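User: I'd like to go through some of the labels on this model and see what stands behind each one. Can you take me through them?

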Amino acid sequence: MPFTYAILGSGVQGLAAAYDLALHGDAGEIRLADASLKSAESAAERLRALAGTDLFACFDVDVHAPESMARLLDGVDVCLSCIPYHLHPLAAEAALKAGCSLVDMGGDTEDALRTLARDDEAKRRGISIVTDGGVAPGLINLLAVHLISQFQEPEEAKLYCGGLPLDPKPPFHYALAFNVEGLISEYADKAFGVTDGQAVEMESLTDLEELDWPGLGKMEASTTSGGTGTAPFLFGEHPTLHGAEADGGRALARLLREAGFSTRPLKTYEYRTLRFPGHWEKMKLFRDLGFWGIDEVEVEGRPVKPRALFEYLIGSFLSEPGYKDQLLLRVEVSGRGAKGQGDMTPVAAGFSLRSEKGQGDRETEGQRDGETERKALLRLDLHERYDEATGLTAMQRMTGFPVAICAIEMAHGRVRKGCTPFELSIPGKAMINALKHREINVQSQTIKPD
């Protein structure tokens, strides 16, 4: 039967998700909702031309008003929350009240943990809520879990991602792929990762690393905020969490056991953002001079928030009309007991998250022949570019499409009921195959030790 979807937020990423649902989602209706009805109507007009179909209905909605959200979600199978990250908890609350499944585009880790703590409540309502979708957090962590499941003894996971211009220009060799507030939050806020088995806070713009990317040469990667989502609390011990966030951590531990993974913590789980050489040095200078401060300072008798001023000025400078981009993503996981030969099918761990309808996601059972105890490293690479045919950027597609893929799985009842982080929502192989169906290829490689 056709499904009814709601896109909460009809901006850049919401438009890409709606486009994918129109093509692949067995949709009967796609509701485009925005604070501005004019914005929703503009998105619908473009989508009708792109998708060649008229499935789109436009709504103006106030996410702070329960009655407005109830009107939007009435009769909806799955809602996609594509609004600013700090509003996702309001969307989750509305979905719980409406009995509507929801997947969000992620952002604040503490908010996601508090949402995951409502797992039993969502189960009682018979709905699925998936947190931290998108590309990073989101797709990159789902692919990391996919590789982690290849090992009997996984040890380290290192994640890299960067949205970059196809034609980089000095001095920053960067152009905005999304809103400037989100960019500076990535650069300025605390990051989370796993170090020596413990989920820890990490300083952004630290641990600079160089790596080579085929066709581009030397790149620089730096720790930034947000990319790991809640994955560090899946794969690291977290005794410092309290209250609802601790409840979320315990829910993650239950999910990990349900999925058939060992609860032994990883040694390392890290995320770094990729940029062309020289970018990080310049950004650190702005940080060190205080331009990212959030407390007001007085300038010529007037209060000024340095960060707000910086975002205004740098946002204008980095905005590029007709911007064409590329997105780089790499996941590396090392450990012992891997199948090897680039086999991307889960081995001993399997993957057993099941929908309440009993449709299992386990891809293999038991131990496979040929497993060894030698140490190996598995790598997945993805390199996508601006799509000339649709005018959708690489960042749009790689943020919106994975969320839409998850929403389609939810609509078909193939995602467990309750609250689940994106990385455990659907099997990695299912995501890789769905991306391939959209002509987006993930390259795999097994790297043996010297």
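User: What makes Tyr 187 count as buried?

Analyst: Tyr 187 has a relative accessible area of 1%, and buried means under 20%, exposed over 50% and partly exposed in between, with a 1.4 Å probe and protein chains only. So Tyr 187 is buried, and Trp 280 is buried too. Bear in mind that this is a predicted model, where local features need pLDDT of at least 70, side-chain atom pairs count only at pLDDT 80 or more, and totals for chains, interfaces and linings use all residues. Residues are numbered from 1 along each chain as its sequence is written, and side-chain values use heavy atoms, with hydrogens and water left out.

User: Why is the pair of Tyr 187 and Trp 280 called edge-to-face?

Analyst: Rings of Phe, Tyr and Trp (its six-membered ring) pair if their centres lie within 6.5 Å; planes under 30 degrees apart are stacked, over 60 edge-to-face, and the rest tilted. The structure holds 12 such aromatic pairs. In this one the centres are 5.0 Å apart and the planes make 65°, so it passes both cut-offs and is edge-to-face. Tyr 187 sits in helix H8 (residues 180-188) and Trp 280 in helix H11, 93 residues apart; helices (H or I, at least four residues) and strands (E, at least two) are DSSP runs, numbered from the N terminus.

User: And what makes the pair of Tyr 187 and Trp 292 tilted?

Analyst: Here it's 6.2 Å centre to centre with 45° between the planes, so the pair falls into the remaining class, tilted. Tyr 187 lies in helix H8 and Trp 292 in the loop between H11 and S13, so the pair ties together parts 105 residues apart in sequence. Trp 292 is at 7% relative accessibility, so it counts as buried.

User: Is Arg 307 buried or exposed?

Analyst: Buried: Arg 307 has 13% relative accessible area, so it is below the limit. Arg 307 is in helix H12 (residues 306-318). Among the residues it touches are Phe 291 and Trp 292, not counting residues up to four places away in sequence; contact means heavy atoms within 4.5 Å.
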